[in-house]
Amino acid sequence: MQRASVWWASCCVAGVLALTPAFAQGTKQKGAIPRPAAAAAESTPAAAAAAAPAAAPTDSKAAIEGFRSANFGMNEADLRAAITKDFGSKPDTVKVQDNPAELTRSLLVTVPELLANGGTAEISYVLGYKSKTLIQVGVVWSKQTDAALTPERIFSNANILRAHFLSEGFKPDSIAVNTPVNGGLLMFRGSDSKDRTVMLLLQGTMETKDNNQRILTPTGLLLFYVADAKSPDVFKLPPGQF
């Protein structure tokens, strides 16, 4: 799951950012609304969206600096110190993962109850190709991080976090909610005044019922804090080489 989630994050960020606010009202399109199988009717994304607070109509108040004590721009040594401060993690429990395609380096740590009653999550801190400093933080909840997680618990985590981000005051024209994407549902996307971005993605398996209703059974929840999603500090071939 660790390798798959990091790869999936790299592939989906640009596509998710390309979604316009008009398309962000994806749950209002024709046809049935994705929802987790076996979830209560009032817990569907449509019902949750109706109950969620509206985005602030004024200027952005949100400021995305990183995640907890880990700030964008930190080098690896400072980042490790921040991880220890936030979670009391011992050095030998912090795993290292290199991305051979993007030439980035990630520090991975497993944290029980990162979200109250939300189960065990895995956090990945990505260090940029050139800067060697923090450019992205990702959080994953899934069966691979916690075997006790159920689709209902994963969906509940998604609803809690979406409600929180909707109240934070992100730029109104950057906000997208309940938008179908490949492999799941974009629960929330928003940027602050410096275009640093938060994305909350519900992964799952989609099934179409006899009445053409699309049912999403959640298998994972991914949360990203991205310093520069449009021009990330990753390796790219220079123009004209091939």
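Select β8 and strand β9 (residues 197-208): the two pair in the antiparallel sense over 7 bridges. Strands here are DSSP runs of E, at least two residues long, with helices being H or I runs of at least four, all numbered from the N terminus; two strands pair if DSSP finds at least two bridges between them. This is a predicted model, so to speak of local features takes pLDDT of at least 70 and side-chain atom pairs need 80 or more, while totals for chains, interfaces and linings use all residues. Numbering runs from 1 along each chain as its sequence is written, and side-chain values use heavy atoms, leaving out hydrogens and water.

Now click L186, whose bridge partner in β9 is L201.

On to strand β7 (residues 176-181), which runs antiparallel to β8 and is joined to it by 5 bridges. Pick V177 and you'll find F188 of β8 opposite. This hairpin has 2 residues between its strands, and G183 takes a positive phi near 85 degrees.

Last stop: K132, in the loop between β5 (121-127) and β6 (134-142). Beyond its neighbours within four places in sequence, K132 is in contact (heavy atoms within 4.5 Å) with residues including M74, E76 and D233. T104 is 28 residues away in sequence but 7.9 Å away in space, C-alpha to C-alpha.
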